[in-house]
Amino acid sequence: MYEKFEKRAEEILCTLTLKEKIGQLNQVPQPVAGNLEETKERIRRGEIGSFILCNSPTAGNEEQQAVMVDLLNELQKVAVEESRTGIPLLYGRDVIHGHHTVYPIGLAAACSFDPELVKKCYHCIAKEAASESVHWTFSPMIDVCHEPRWGRIIEGQGEDPYLASRMAEAMVKGFQGEDLTADDSMLACAKHYVGYGASEGGRDYFRTEISDYTLFNSILPPFRAAVKAGVATVMSSFNDINGQPVTSSKKYLTDILRGELGFEGFVVSDWTAVHQLMKQGVARNSADCARLALTAGLDMEMTDNHYIANLENLVLSGEISEEVVDLAVKRVLKIKIAKGLFEKPYKEPYKVDRTEHIKLSEKIAAESMVLVKNEDNLLPLSKDMKVALYGPFTYERRALQGSWALDGYLGASTPNFLEAMNEVMAGQKGHIHHSYEGVLHDDCTYIFSQNDVIVLALGESHAATGEARCSADIVLAPNQVEMARKAKQSGKKVVGVIFCGRPLALENIEPYLDAILIAWHGGTRCAHAAAKTIFGEYNPCGKTSVTFVRKTGQIPLYYNITKSGRNVDGYYGEGYAQNYIDSLGSPMYPFGYGLSYTSFEYSAPEVDKATISLDGLLAGENVRVAAKIKNTGERTGKETVQLYIRDHVASCMRPIRELKGFEKIELAAGEEKEVVFNVGAESLGFYNFENKYVVEKGHIDLFIGENCLTNNLVTIEIV
Ligand code: NOJ
């Protein structure tokens with residue numbers, strides 16, 4: 001895909017001195033007032049290839065300076081007109097799940113099970129950020145993760161490799177569009193390659209143990225999908241795998257990423273990850289860091305200076321060959337060429353009309369919300385009701401955007417839940433009675449008793465998740481549980497709207513809540529999406545992208561576990577020998593789960609053939625499996641129809657269920673639709689212990705249902 005730029009890159013490369021080549025591999029933080037002149041001098045000397053537009057290593061946690069388009073044009077002018085090489089600079093920024101308009105965090109967006117919608121939203125993000133000179137975003141984050149204690153679980157798409165792959169593809173295509181040179185296109189970066197989401201114990205920056213079997217089957221698929229979608233760059237991850245830092249691993253950065261996945265763009269390190277090779281104990285000094293990372297296949301160094309300080313000497317002393325440098329430089333140049341920077345290095349800032357972006361933000365927030373409990377069909381509420389609105393997230397704005405929202409407009413641009421509730425109720429018979437600070441006053445019992453229903457705005461702040469924001473216990477704060485208990489005690493029905501980043505362990509609060517809407521950190525229009533859902537303007541249709549545990553101690557708990565030798569049905573660890581003595585083994589809410597205000601009925605799946613030959617499958621034949629889904633309720637609703645497989649006997653232990661397809665459909669009351677999946681070799685095989693993709697003979701169950709617990713199946717045989 002980027003090979004076509006090889007010749008031009010080669011021609012440019014030939015004109016560069018060794019120092020200038022190395023400069024292309026050097027990414028530095030954006031200049032601050034004090035070092036502007038010095039930075040310009042460095043650009044003139046060809047020492048800088050790229051800027052990361054932020055000023056701290058954990059950009060998602062701190063406020064960042066807004067993008068300064070004029071300054072960026074000024075620096076670009078120095079690069080293009082005052083340096084000998086004239087090579088334009090590449091500007092990257094963490095534009096993760098939104099720019100000025102913010103969309104739901106990755107984990108939530110995945111709950112929409114709607115890649116097309118996600119793609120549209122990510123295109124809007126690109127449009128907004130690209131208009132301010134951001135050429136390159138460090139997104140999407142596509143780390144499959146089983147660890148809700150890990151603060152960064154919010155950035156990915158949850159626990160399922162297939163869902164993450166579909167989302168990865170959508171996000172890359174949304175950011176990059178059809179034409180990288182277009183004004184509204186931004187280079188994407190698939191991160192963190194690879195295994196960061198498997199950090200032991202959910203501790204950030206920590207070690208991992210990942211077998212190739214797990215890597216190939218569970219962790220690589222979204223990266224494979226991102227590469228196939230044409231992702232221009234990949235960010236290497238901080239972690240080590242089995243004692244091998246990824247930053248210095250030829251196996252991961254070259255053999256697998258380029259050899260196996262076919263990646264043609266360039267690899268950027270994570271912030272100071274090259275330096276950390278010393279801390280990880282595989283490099284003695286700065287020169288070692290540079291040598292190890294570059295020869296492993298790491299092309300651009302983010303903010304470290306080890307390349308710029310050492311590569312020239314390493315080449316001159318013969319410790320590394322200049323060809324290794326050339327290879328990395330060519331990869332960077334190819335992406336700069338592909339982006340059209342040589343033709344159009346400057347940006348005329350223009351105003352983006354955000355009207356559609358904001359609408360989409362509400363749509364996707366609503367489609368990402370998951371109704372996990374609705375006793376006696378308490379929801380939707382009637383607008384005639386008197387509603388007591390309490391809870392610490394009644395007034396929150398910033399939290400709704402989640403971590404990593406560097407540029408999200410706040411204030412009135414991100415309405416809070418109270419404003420949204422009032423707006424939805426304007427002109428209606430009912431009203432909203434809200435507490436002043438969102439805290440529990442001793443008069444609350446009286447207030448609760450004066451209203452028809454209690455809505456509690458609960459959750460965790462954006463600062464509770466994100467980079468280096470891991471939690472040993474993933475429960476709601478005790479004051480929120482106490483508030484729910486008091487509310488329940490009043491005898492009124494209680495609705496919990498939970499604005500969260502991770503799948504919280506809700507066992508200690510769930511009994512006090514009659515209805516629970518997981519609203520997530522849903523972005524700019526999160527509050528409206530939640531308020532309108534509560535009052536039935538939206539019919540909830542999100543499905544969990546990740547398992548919700550009952551208790552923190554159940555972690556890790558995910559649906560696609562391999563079978564176990566000793567359990568009764570074994571599913572999610574329920575039953576003899578897999579249970580805890582102090583907790584059920586099953587999850588609070590399984591993967592793929594979510595309620596609606598209507599109900600759906602599934603017919604038994606039917607196949608066009610009960611047997612298929614292995615040769616036929618490998619030659620491209622499919623099994624057609626279909627089920628009819630009927631809306632048996634009284635409202636129009638959307639349902640995500642999910643296809644899972646289970647391989648009965650294989651040469652390697654296979655999961656109890658694996659998601660292999662999904663389709664989101666809308667059905668009017670009483671309407672029925674047939675959903676068809678064509679299941680081929682790409683769905684029925686797996687990577688074996690030799691890392692080879694194989695499809696084996698034998699029986700396979702095909703399930704079509706509403707979540708991963710479905711038992712609605714038909715069995716086929718591969719002969
Ligand atoms: C560290 C994070 O791990 C990464 O995701 C981010 O893109 C960089 N910092 C740059 O801010």
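This is a predicted model: local features need pLDDT of at least 70, side-chain atom pairs count only at pLDDT 80 or more; totals for chains, interfaces and linings use all residues.

Residues are numbered from 1 along each chain as its sequence is written, and side-chain values use heavy atoms, with hydrogens and water left out.

I checked His 192 next, and one of its polar side-chain atoms is 2.6 Å from a ligand oxygen. For Asp 270, a side-chain N or O atom sits 2.5 Å from an oxygen atom of the ligand. The protein covers 100% of the 300 Å² of accessible area that the ligand has on its own (Shrake-Rupley method, 1.4 Å probe; for residues, only the protein chains shown count as cover).

I then looked up the surroundings: 15 residues surround the ligand (a heavy atom within 4 Å of it). Among the closest are Arg 152 and Lys 191.

**Helices**

I looked at α7 (residues 161-176) and α9 (residues 221-228), whose axes are 8 Å apart at an angle of about 25 degrees. Axes are lines fitted to C-alpha atoms, for helices over the stretch in contact, and angles run from 0 to 180 degrees between N-to-C directions. Helices (H or I, at least four residues) and strands (E, at least two) are DSSP runs, numbered from the N terminus. So α7 and α9 are roughly parallel (under 35 degrees; over 145 is roughly antiparallel, 65 to 115 roughly perpendicular, the rest oblique).

My other pair was α1 (residues 6-14) and α14 (residues 322-338): the axes come within 9 Å and cross at roughly 120 degrees. That angle is why α1 and α14 count as oblique to each other.

**Backbone**

Most residues other than glycine have a negative phi, and most peptide bonds are trans. I found a cis bond from Lys 191 to His 192, with omega near -5 degrees; His 192 is in strand β5 (residues 189-193). Tyr 193 to Val 194 is also cis, with omega near 10 degrees, and Val 194 belongs to the loop between β5 and α8 (212-219).

Phe 113 has a positive phi, near 45 degrees. I located Phe 113 in the loop between α5 (106-111) and α6 (115-130).

Definitions and conventions:
A polar contact is a pair of N or O atoms within 3.5 Å; within protein, one must be able to donate a hydrogen and the other to accept it, and residues adjacent in sequence count only if both atoms are side-chain atoms.
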